[in-house]
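Visitor: I should like to learn how to read a structure of this kind. Might we go through it feature by feature?

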Amino acid sequence: MDLKLLVFWVFSLVLIGAAVGVITTRNPVQAALFLVLAFFNSAIIWMLMEAEFLAITLVLVYVGAVMVLFLFVVMMLDINLLPMREGYSKHLPWGAAIVVAVVVQIVLLIRVKWAGSGLEQPAPKPAEYSNTEELGLAIYTDYLFQFEVAAVILLVAIIAAITLTMRRRPDTKYQRPHEQVQVQKADRLRVVSMNSEDNQDLTGKVAKAPVDAGGDAGVAGNAGGTTNQGAQS
Amino acid sequence: MGFFEGLLFLIVTVLKVLLIIVPLLLTVAYLTYAERKVIGAIQVRKGPNRVGFAGLLQPIADVLKLLTKEVLVPTNSHRFLFLIAPILSLAPAFAAWAVIPFSDTAVLADVNAGLLYVLALTSLGVYGVIVAGWASNSKYAFLGAMRSAAQIVAYEIAMGFALVGVLMVSGSLNLGDIVRAQEGSIFHWFWLPLFPLFIVYFISGVAETNRAPFDVAEGESEIVAGFHVDYSGMAFALFFLAEYANMIMIAALAVIMFLGGWLSPVPFLPDGMFWFFAKTAFMLFFFLWFRATFPRYRYDQIMRLGWKVFIPVTIVWLSVEAVAILLDIGPWFDIRKT
């Protein structure tokens with residue numbers, strides 16, 4: 001048996017198992033971790049199809065960033081699964097029908113494509129072929145406009161998300177780091193000259209301290225806090 | 001490829017992997033020794049000096065001690081995830097070494113998208129931390145995991161942007177080609193034209209590895225030991241191993257992308273693996289120096305530094321670089337051969 005085929009079967013079986021795990025497990029954190037496993041295995045299957053760039057990007061973007069934030073949210077929220085599971089048996093027939101329809105469509109599509117167009121298995125590219133480079137060329141020359149449109153849509157989504165979640169509360173205290181950095185010694189420190197103990201009158205009257213800077217005994221007084229907190233927006 | 005040829009290939013590859021992993025483990029062991037010695041010297045004390053000559057057997061003694069300790073599993077923890085978390089953090093730290101070129105020829109897998117592969121794997125390391133924090137079912141561990149997740153996501157963006165700068169001048173994702181694009185002398189290496197990106201990359205790397213001054217995920221004085229507060233024995237040692245392997249990884253990547261990898265700094269000396277190791281050791285020293293010198297960042301300051309300082313700096317420098325490449329400013333930016 002071909003080693004490549006063996007690898008394919010192992011990883012596809014794990015992929016299907018993980019996908020089933022996502023929807024059957026009761027613990028949301030476990031479900032998210034199963035989804036991570038599924039992403040990872042599909043990346044390996046893409047890798048077997050010599051789509052290295054897509055495979056690595058899948059891991060980098062979905063596993064490395066999106067799912068981390070997903071887990072972050074799922075762990076923080078106290079999700080009560082019981083109300084969600086209500087009506088499970090009521091919706092089951094509909095769900096099953098949709099799944100069957102989707103599977104039938106996919107199978108038909110693959111069979112029609114294969115049978116109709118006489119597609120052959122594409123020949124493997126030589127080792128120095130870089131599909132990263134090809135993809136880059138395609139995106140930034142042939143499909144530049146579509147790419148830019150997609151980028152603008154994403155930007156709009158980012159701005160929308162920020163405006164929806166930004167609430168300015170009047171009582172929130174902010175720091176102003178640029179002001180903190182620009183603080184000079186004179187703003188915070190006052191050097192007070194006063195006589196040392198020897199020159200003081202020990203009967204109780206303290207000798208009047210000269211205010212000029214000529215005195216040798218300095219006392220460092222910290223006027224105010226060390227940080228510039230409390231600046232309101 | 002037939003099944004038996006494939007099997008043979010597998011065995012040879014496993015041997016090569018061992019050739020990388022075993023020295024790496026030794027390096028990790030002696031990096032802990034170096035760390036204690038360096039910090040000792042900075043704090044004017046001796047550091048470990050009892051086990052073996054000048055304390056040289058101290059790491060071995062530590063490993064033996066950790067091996068004989070019991071691995072405790074808390075009663076209310078998620079047992080499977082609790083035990084798999086150290087492995088989740090260790091595996092990516094080791095797997096990323098597959099594409100690191102030690103010299104012109106010494107590389108396990110010379111893949112085209114090597115840099116992307118490294119980025120993808122280093123971003124996986126956070127799962128070990130998150131899963132450990134959640135599976136422990138402890139408040140402190142959970143707080144550590146949450147801090148780590150937010151921090152790593154923030155600094156990964158700055159790190160990725162810094163690496164985009166390297167791609168722009170080298171014109172390749174292959175780590176070997178990136179080093180080859182820096183041929184010449186010390187002034188042809190990318191640290192000079194990409195100096196802001198070099199600094200951003202290295203500091204983000206320190207943050208990614210959860211090292212001081214960015215070690216809020218551990219934060220002994222606030223959340224005891226963060227995500228690994230409930231771990232003991234070998235499970236704890238695996239987290240440590242992953243942290244140090246990641247440190248060496250970040251140092252090695254900085255060397256490859258900004259300090260010319262295996263290339264010699266002056267033309268009259270030969271290139272070779274020696275330079276790679278020497279430069280990596282040089283970069284590793286900074287990790288130890290930082291730890292001994294800086295106080296821990298406050299959490300909101302970490303977030304501010306990542307989002308509001310590093311990301312704008314990288315974006316500005318990428319624009320500068322793009323203009324320089326467009327104008328063919330030599331000797332670094334004249335890469336457009338076609």
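Guide: Let us begin with a term. Helices are DSSP runs of at least four residues, numbered from the N terminus. In this predicted model, helix 4 (114–135), helix 5 (139–170) and helix 9 (233–258) of chain B each supply at least two residues to the lining of the largest cavity.

Visitor: Which helix of chain B gives the most to that lining?

Guide: Helix 9 of chain B does, with 6 residues.

Visitor: How is such a cavity found, and how many cavities of 30 Å³ or more are there?

Guide: Rolling a probe the size of a water molecule over the atoms shows where empty space is left. Here the count comes to 4 cavities of 30 Å³ or more. The largest cavity holds about 280 Å³ of space.

Visitor: What lines the largest cavity, and which residues lie nearest its centre?

Guide: The lining consists of 19 residues, and those nearest the centre are B:Gly125, B:Glu208, B:Thr209, B:Asn210 and B:Asn246.

Visitor: Let us turn to a single side chain. Is B:Glu35 buried or exposed?

Guide: The cut-off for buried is under 20% relative accessible area. B:Glu35 has a relative accessible area of 4%, and therefore counts as buried. This residue is found in helix 1 (residues 3–42) of chain B.

Visitor: Which residues is B:Glu35 in contact with, leaving aside its neighbours within four places in sequence?

Guide: B:Glu35 is in contact with B:Arg211, B:Tyr244, B:Leu288 and B:Arg291.

Visitor: How is chain A built?

Guide: Chain A has 9 helices and 4 strands, in the order α-α-α-α-α-α-α-β-α-α-β-β-β along the sequence. Of its 233 residues, 15% count as buried. Chain A exposes about 18100 Å², with carbon and sulfur atoms supplying 67% of that area. Among contacts in chain A with a separation of 6 or more, 62% join residues 24 or more positions apart.

Visitor: What is the mean pLDDT of chain A, and where does pLDDT stay under 50?

Guide: Where pLDDT is low, the predicted coordinates should not be read in detail. The mean for chain A is 77, and 76% of its residues reach 70 or more. Among the elements of chain A, helix 7 (residues 144–165) has the highest mean pLDDT, 92, whereas strand 4 (residues 231–232) has the lowest, 40. Over residues 212–233 of chain A, pLDDT stays under 50; the model has 36 contacts beyond four places in sequence for this stretch.

Terms used: Residues are numbered from 1 along each chain as its sequence is written. Chains are lettered from A and ligands numbered from 1 in the order in which they are written. This is a predicted model: local features need pLDDT of at least 70, side-chain atom pairs count only at pLDDT 80 or more; totals for chains, interfaces and linings use all residues. Side-chain values use heavy atoms; hydrogens and water are left out. pLDDT is the predictor's confidence in each residue, from 0 to 100. Contact means heavy atoms within 4.5 Å. Buried means under 20% relative accessible area, exposed over 50%, partly exposed in between (1.4 Å probe, protein chains only). On a 1 Å grid over the protein atoms alone, a cavity is a set of points where a 1.4 Å probe fits but cannot get out, and a pocket is an open set with protein on both sides within 12 Å along at least five of seven lines; lining residues have an atom within 4 Å of a point. Grid points are joined across faces, edges and corners, and a volume is the space filled by probe spheres set on the points. Accessible areas come from the Shrake-Rupley method with a 1.4 Å probe; for residues, only the protein chains shown count as cover.
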